[in-house]
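Student: Could you show me how to read helices and their packing in a model? I would like the general idea and then the case at hand.

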Amino acid sequence: MPTNKEVIKAELKELRQTGRFLLYDVAISEKKLTQAQVKQVENSEGYNEYKKRATDHKSDYQKWFTKAYNVVKTLLPDRHQEFYILYKDEKRKNNEIGFLTYTISDYFLGLVVTKGWEKVEVVNPFSAFYSKMEIQLTILDSCYDLLDSKLADIQGILQYELFENELQAAKDLLNKKYNRAAGALAGVTLEIHLSKVCETHSIKFRKKHPTISDFNEELKKSDLIDVPTWRLIQRLGDIRNMSVHSKEREPTKDEVEDLIKGIEKLISELN
């Protein structure tokens with residue numbers, strides 16, 4: 001089953017492909033491509049599926065723009081205004097229309113810019129449209145390239161908030177003198193964090209369910225932690241095991257406090 005990350009990447013890849021096919025389809029309708037180029041587009045993977053969904057260029061672009069703009073606004077916020085202005089510049093004055101200010105919406109409205117009594121065309125509508133949408137596609141490509149790091153940032157923020165909540169819950173249990181339950185809950189946070197660190201650094205395990213000790217050993221072998229940190233994790237793991245195994249003695253309040261403080265230290269320093 002694909003992960004959320006894989007689904008998002010696939011959807012963004014399809015959005016990029018749809019935009020590219022739309023651009024080429026407009027060029028084909030304007031007879032701006034050679035027969036060889038047209039054949040190449042028509043033989044492209046995914047083009048037939050695009051044509052089955054396509055209705056007319058104007059409405060297809062509107063649908064594509066809405067999705068693409070929201071992606072850019074989320075992943076590349078410093079360029080979303082540029083992306084929008086390529087489509088429509090609402091602050092532009094009528095006497096300022098030229099190749100640089102002619103927008104994609106002007107093209108779909110059929111706006112023709114001329115000068116003089118001979119009505120000489122000063123902007124080639126298709127050329128202006130094509131160049132503007134090419135820039136939009138380039139910006140969208142940049143979003144795709146940034147997706148991994150952006151998702152990692154978002155995931156990191158959400159994970160950090162989750163850890164904070166779990167550790168606060170452990171502290172609350174400890175204050176109510178539920179030492180074993182507090183230690184067990186904190187131990188889950190420790191295990192998940194070490195698992196994420198190993199995943200980030202592409203550390204693989206033969207075991208289906210590696211333990212805190214397994215994570216600790218592999219992190220040390222990979223030189224991601226030093227001996228003092230390895231010893232700290234080892235001690236935290238011992239307190240966690242003491243908390244979850246009923247045959248062990250119950251951990252003291254000080255030991256569980258050390259466990260929680262140690263986990264907070266690792267979360268802030270080891271990633």
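Student: Which residues of helix 5 are buried?

Tutor: In this predicted model, the buried residues of helix 5 (residues 80–87) are H80, F83, L86 and Y87. Buried means under 20% relative accessible area, with a 1.4 Å probe and protein chains only. Helices are DSSP runs of H or I with at least four residues, numbered from the N terminus.

Student: How do helix 10 and helix 11 pack?

Tutor: Two packed helices are described by the angle between their axes and the distance between the axes. Helix 10 (residues 227–244) and helix 11 (residues 253–269) pack at about 135 degrees, with axes 10 Å apart. Axes are lines fitted to C-alpha atoms over the stretch in contact, and angles run from 0 to 180 degrees between N-to-C directions.

Student: Is D106 buried or exposed?

Tutor: D106, in helix 6 (residues 104–109), is buried, with a relative accessible area of 5%. D106 touches R92, T101 and L111, leaving out residues up to four places away in sequence; contact means heavy atoms within 4.5 Å.

Tutor: Residues are numbered from 1 along each chain as its sequence is written. Local features need pLDDT of at least 70, side-chain atom pairs count only at pLDDT 80 or more, totals for chains, interfaces and linings use all residues, and side-chain values use heavy atoms, without hydrogens and water.

Technical notes:
Helix = DSSP H or I, 4+ residues; strand = E, 2+ residues; numbered from the N terminus. Buried < 20%, exposed > 50% of the residue type's maximum accessible area, 1.4 Å probe, protein only.
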